[in-house]
Amino acid sequence: MEKKVILIKDTGFKSDTTRDIQSLFLKAIRDIGAEESIQIVRAADLGIYNQGVVVKILPDNTVYTHINSDNIDQIVKAVHKGEVLENLLLKDRVEQTRIVLRNCGVIDPENIEEYFSKGGYTSIAKCLFDLTPAKVIKEMKKSGLRGRGGAGFPTWMKWSFAANSFGDEKYVICNADEGDPGAYMDRSVLEGDPHSVIEGMTIAGYAIGAKHGYFYIRAEYPLAIERVENALKQAYERGLLGKNILGSDFSFDLEIRLGAGAFVCGEETALIASIEGKRGTPNPRPPYPTDSGLWKKPSIINNVETLANISAIFQKGGDWFSSIGTEKSKGTKVFAVTGKVKNSGLVEIAMGTSIKDIVYNIGGGVLNEKQLVAVQTGGPSGGVIPKKHLDTPVSYEHLQELGSIMGSGGMIVMDEDDCMVDISKFYLKFCVDESCGKCAPCRIGGYQMLSILNKISEGEGELEDMDKLHRISQAMQKASLCALGQTAPNPVISTLRYFEDEYKQHIIDKKCRAGKCSKLIQYTINPDKCKRCRLCVTNCPVSAITGDREHGYTIDQEKCIRCGRCFEVCKFEAIARV
Amino acid sequence: MKKMTRDDLEKCAQNTCQSTQYIKVGMSTCGIAAGAQDVFDIFAKEVKTRDINVNVCKTGCIGMCHAEPVVEVAVEGLPAVMYGGVTKEVALRILEEHVCGKRFVNDHIFDLPVRR
Ligand SMILES: Cc1cc2nc3c(=O)[nH]c(=O)nc-3n(C[C@H](O)[C@H](O)[C@H](O)COP(=O)(O)O)c2cc1C
Ligand code: SF4
């Protein structure tokens, strides 16, 4: 008989009672003499938060919440008899749904046999022998899959444009440039399940009639490159790539191209130029790559995550896929949840899950029990979602309505210590640095907006600057050549929309609520609270704090660089930030 | 190497090539940055020197980056579980208490609610 295990964890905010509860459980188990068949273990994390003492029973996976000492005997007896206590059971549990990450962390990415054991490459076999290219595209239409690289363009439509374009050569390109700060979903997929992307690309090649494909991976991802190279080798050796795949008439070759890590090279026309060996700058569209792409031949460019979905769709069917998600956004989305969140990491949820559930139920809430202020999605092309809209379900449409975008999947949690002017400055600076400079609206507009933001954060701003920001934003959105410039103002527009007061505070009161804008703050020592422990003196990196035990200490404002180190280390709250 | 056919693939899909006793170490960039390589090495070495019948293998990122290095352990008679924050010391405890002693290690189990 398999042993039963009771995992326990106190998920409340106050003192941790896990150990006390454990001893009560131990006693209850001893009382019925079940030491051999039931083990009680303290867990580090059960993925459930703020529900009092929680127990989870393995291997049954039943979860009971809000346990107190009165329930313990009852639970132990039920576990012993194999019964379930309905009244304590946790219902409505927020779970991740894993399609893209189905094999990540499960199989050995360097061993193709393990991918086979999960039904790997049976989808390409099914497409080659049972379906015509047109039927493959039809199944994709049924699935409702939309691009995960940012814009959310229906994948089947892109494929059918390329399939219907005339050309003796066609190309499939996997966009693994992933340049958004804070995002690393694509890297994890390539590192954890490279064969799923290869299989997706091969199916795409069959559907549009391409014989060649390219992985465009940024050179900063050496492990991803190594694992894709290894996977390609294994697939070639077994006849899953190359000539006459699986003995069919279809032949398909895949190669890797390395990108130098410029954000703009993730844009499809710049990416194409880069593969061709030219300077990676965007070109006007139309013509779209599906008509005239790589080497002027019809090409499709899909994101890593988009491609990783495809073999799952053909294993389980387009209908299955479209049963997950919302009306217009099907399937799942992977987010890299970072920032002020307890459990930073990769989260894959069914579309339609609320942002609140992601942050609080899967992410475990905000670090150090601080107040959440906003959540940023879409990276430098996206925007912030303020706390009041946290119930919004994740879908392309809902996020756009709020002035943000789904983007490729960065999700950054921000708390009361984050300044919205500073955040928008950060993202805009990223775009200014990464702008290729080819067109004036982006090159000049971005720079001008950044100078205005700098002015505001230094307390030199004027109220009319907010209008100016809006006007330049509009010009950039309308007149920039590529989406980098068109979307660069988004973080500024969205923070202006939801946090206008905070901008005004910087401009009128010359104050930064979060204490991030260094020109607007000053640190001083309150002599009444100071215990003369000298901790701040030893920690100050620029030796700006002087004095002695008798007379107390002061901060030399000329020398102070406002790093906040003294504020953090003082144990007596004697350092004031004003 | 022999080229595969559709039948071969379908046969492979029936195989569960993973053994029933395993220790899987999350070895993507995030895991390696947190020290997963050392953890992997220590498992591999100890399993060999102590002649324990368990398969030590590497895998990708399970998504729990805050808890890296992450290790999944399955031994006969016990449900598979995930351990997080696995240092060399914890790795040795896992081998002694969990793999050999068949008792889970306290304070390191991370349970992730996932539907596949
Ligand atoms: C500045 C810029 C950067 C981009 N970076 C990426 C990227 O890193 N990865 C990606 O898949 N798409 C990126 N895109 C979107 C691509 O241009 C393209 O829309 C996408 O790869 C299409 O794939 P999909 O249909 O599967 O989403 C970027 C777009 C722009 C304008
Ligand atoms: S919008 Fe910016 S990145 Fe895009 S082409 Fe113009 S200058 Fe280059």
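1. In this predicted model, the salt bridges over all chains number 40. One of them joins the side chains of A:Lys370 and A:Asp417, with a distance of 2.7 Å from N to O. A:Lys370 belongs to the loop between helix H13 (355-362) and strand E12 (372-377) of chain A, and A:Asp417 to the loop between strand E14 (410-415) and helix H15 (420-434) of chain A; the pair therefore ties together parts that are 47 residues apart in sequence.

2. The surroundings of ligand 1 deserve a careful reading. There are 18 residues around ligand 1, and those that come nearest are A:Gly149, A:Lys158, A:Glu178, A:Asn303 and A:Thr306. Sorted by class, the shell around ligand 1 consists of 8 polar, 6 charged and 4 nonpolar residues.

3. Which atoms of the protein lie 2.8 Å or 2.9 Å from an oxygen atom of ligand 1? From A:Lys158, a polar side-chain atom lies at 2.8 Å from an oxygen atom of the ligand. From A:Glu178, a polar backbone atom is 2.8 Å from an oxygen atom of ligand 1. From A:Asn302, a polar side-chain atom lies at 2.9 Å from an oxygen atom of the ligand. Ligand 1 taken alone exposes 610 Å², and the protein buries 90% of that area.

4. The space that ligand 1 takes is the largest pocket. Two elements of chain A give two or more residues to the shell around this ligand, namely strand E9 (299-303) and helix H18 (483-487). The largest share, 3 residues, comes from E9(A).

5. Which residues come nearest to ligand 2? Of the 13 residues around ligand 2, the nearest are A:Cys436, A:Lys438, A:Cys439, A:Cys442 and A:Cys482. By class, the shell around ligand 2 divides into 8 nonpolar residues, 4 polar residues and 1 charged residue.

6. In chain A, the bond from A:Leu58 to A:Pro59 is cis, and its omega is near 0°. A:Pro59 has its place in the loop between strand E3 (53-58) and strand E4 (62-67) of chain A. In chain B, B:Glu68 and B:Pro69 are joined by a cis peptide bond with an omega of about -10°. B:Pro69 is placed in the loop between strand E2 (55-59) and strand E3 (71-74) of chain B.

7. How many helices and strands does chain B have? The secondary structure of chain B comes to 4 helices and 6 strands. Starting from the N terminus, these elements follow the order α-β-α-α-β-β-β-α-β-β. Along the principal axes, the C-alpha atoms of chain B fill a box of roughly 45 × 30 × 30 Å.

Note on methods. Residues numbered from 1 in each chain as written. Chains lettered and ligands numbered in written order. Predicted model: local features only at pLDDT ≥ 70, side-chain atom pairs only at ≥ 80, totals over all residues. Heavy atoms only, no water. Near = heavy atom within 4 Å. Polar contact = N/O pair within 3.5 Å; in protein donor to acceptor, adjacent residues only side chain to side chain. Areas by Shrake-Rupley, 256 points an atom, 1.4 Å probe, with all protein chains shown as cover. 1 Å grid on protein atoms, 1.4 Å probe; cavity = no way out; pocket = protein on both sides within 12 Å on 5 of 7 lines; lining within 4 Å. Sits in = over half its atoms within 2 Å of the grid points. Nonpolar A, V, L, I, M, F, W, Y, C, P; charged D, E, K, R; others polar. Salt bridge = Lys/Arg side-chain N within 4 Å of Asp/Glu carboxyl O.
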